Amino acid sequence: MLPKEYGFKLHDENVTVRKVLDESAEFEDGFLLKDLSELPLAEFKRVWEASMKGSLNAPSSLNMDEQMRSVEVELGHDYKKSCMIAYENGAPIGVIMPHIEPGTSEEGRLFYFGIIPGERGKGKSRLLHRQALGILKRDFKASYYIGSTGHNNLPMLKTFERNGCTVIERNKVFKRKV
């Protein structure tokens with residue numbers, strides 16, 4: 001542990017998982033997905049923000065505009081095809097942001113994955129996550145997936161487990177007030 005006199009505090013503990021995306025993996029197309037080429041930016045930001053409400057992960061220190069800028073910078077000019085809202089019966093249920101990790105050619109990641117509060121606890125997370133894994137394999141040509149969540153996010157950890165992901169590491173995250 002880092003001494004308190006240096007101003008560091010434990011922020012969270014991240015759990016990282018991995019899954020091979022091979023031909024035997026089962027994927028589903030259960031929800032209608034629209035990306036930023038089909039959506040107004042304001043709609044995407046509204047649903048993304050809603051999906052973060054009540055999250056069991058540590059909150060971001062960035063506001064929504066800063067987070068969108070972070071997506072643009074990290075994912076590059078094609079970021080719009082990664083920013084997707086999932087719909088069921090015409091209503092948004094969550095957000096997924098599949099992409100290939102910059103600097104790699106086959107590592108699939110989800111920049112963000114979240115279900116809006118009113119849709120949680122209904123088994124939709126497992127289905128949407130499985131659909132996102134299929135998109136990583138089919139559309140982004142990923143051969144494997146790396147995901148992570150906070151250790152307190154038991155529903156997401158359960159989703160990883162149910163979709164065949166294996167825990168590969170746990171890391172404590174410290175932050176310092178400046």
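Biologist: In which order do the seven strands of the open sheet run?

Modeller: Happy to start there: this is a predicted model in which local features need pLDDT of at least 70, side-chain atom pairs count only at pLDDT 80 or more, and totals for chains, interfaces and linings use all residues. Residues are numbered from 1 along each chain as its sequence is written, and side-chain values use heavy atoms, leaving out hydrogens and water. Helices (H or I, at least four residues) and strands (E, at least two) are DSSP runs numbered from the N terminus, and two strands pair if DSSP finds at least two bridges between them. The sheet has mixed pairing, in the order β2-β3-β4-β5-β6-β1-β7.

Biologist: Which strands stand at the edges of the sheet?

Modeller: An edge strand has a single partner, so one of its sides is left without a neighbour in the sheet. That describes β2 (32-35) and β7 (166-176).

Biologist: Nice! Is the aromatic pair of Phe-44 and Trp-48 stacked, edge-to-face or tilted?

Modeller: Rings of Phe, Tyr and Trp (its six-membered ring) pair if their centres lie within 6.5 Å; planes under 30 degrees apart count as stacked, over 60 as edge-to-face and the rest as tilted. Phe-44 and Trp-48 sit four residues apart in helix α1 (residues 41-52), about one turn. With 5.8 Å centre to centre and 50 degrees between the planes, the pair is tilted.

Biologist: Is Trp-48 buried or exposed?

Modeller: Buried means under 20% relative accessible area, exposed over 50%, partly exposed in between (1.4 Å probe, protein chains only). Trp-48 has a relative accessible area of 1%, so Trp-48 is buried.
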